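My notes follow the model below.

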Amino acid sequence: MYSGFLTPILLSLLSTPLLAHSGHGQAPLTTAPDEDWATHHLAEEHHISNFDAGAFFTLHDFDFSSSWTPDEIRRMYGLDDESQRGVDEAKKAEVVRRTLEIFDIDGDGAVQRGEWMEGWRAGKRLEDFGLGPGHHGDDEYEYEIHHFEKFHDENTKEEDLTHPEDIEHFRKHDELEAAAEHQEQMDRMPIVEQNIPQKFRRY
């Protein structure tokens, strides 16, 4: 029943010796309280240790353009996640503005890979704005990272998925499947002329 989700770029990164990934059922990775936000983010959101600045940039270069746009900075910090609905837009804008101030050397409104690497080597770090670790995966990914890997493993059977998080996750699956089936049925229905408003009919 369960099939985990990992983005292609994450899979490629996890196949390299630069990063270590905690397996199913293992205790979550922990970081020292004084570690920077990016290290905390990798550990909590991606279960990756052995921080590598280049790999971190690639992991969050969502459009593969070798730069971080303001939208990508928002996504990296999880500002569009439902958990941040209570955060006002001024605070979210501050996150983007401050990140660009730190790393956007040429002032073009984006952080290029070279700028990130240069800044990192100079000791610059992503700031922690107190908005959490940065949830930016889809529902499938967040469920795997924050629940399945902590409480289940590859030997888990369908009947064992009884936690509230499991139930809610598969309830959403059922809703999506039902909506897709309904849309498919609607798409197969013939057009009934009598149901078309008069002003849209052709004569």
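I began with the ring cluster. Ring pairs join Phe51, Phe56, Phe57, Trp68, Phe103, Trp116 and Trp120 into a cluster. I paired rings of Phe, Tyr and Trp (its six-membered ring) if their centres lie within 6.5 Å; planes under 30 degrees apart count as stacked, over 60 as edge-to-face and the rest as tilted.

Before going on, I noted that this is a predicted model, where local features need pLDDT of at least 70, side-chain atom pairs count only at pLDDT 80 or more, and totals for chains, interfaces and linings use all residues. Residues are numbered from 1 along each chain as its sequence is written, and side-chain values use heavy atoms, with hydrogens and water left out.

I counted 10 aromatic pairs by the ring rule. Phe51 and Phe56 make a tilted pair, with 5.5 Å centre to centre and 35° between the planes. I then checked accessibility (buried means under 20% relative accessible area, exposed over 50%, partly exposed in between; 1.4 Å probe, protein chains only). Phe51 is partly exposed because its relative accessible area is 26%. Phe56 is buried, at 1%.

Next I looked at Tyr77 and Phe129. Their pair is edge-to-face, 5.5 Å centre to centre, with 75° between the planes. Tyr77 is in the loop between H4 and H5, and Phe129 is in the loop between helix H6 (113-121) and helix H7 (139-151), so the pair ties together parts 52 residues apart in sequence. Helices (H or I, at least four residues) and strands (E, at least two) are DSSP runs, numbered from the N terminus. Both Tyr77 and Phe129 are buried.

I looked for charges over rings (NZ of Lys or CZ of Arg within 6 Å of the ring centre and within 35 degrees of the ring normal). Arg75 lies over the face of Phe62, 3.9 Å from the ring centre. The charged end of Arg125 sits over the ring of Trp120, at 3.5 Å from its centre.

Then I turned to Ser67. I found Ser67 in strand E3 (residues 67-68). Is Ser67 buried or exposed? Ser67 counts as buried because its relative accessibility is 9%. Leaving out residues up to four places away in sequence, Ser67 touches Phe57, Asp61, Glu72, Ala110, Val111 and Gln112. Contact here means heavy atoms within 4.5 Å.
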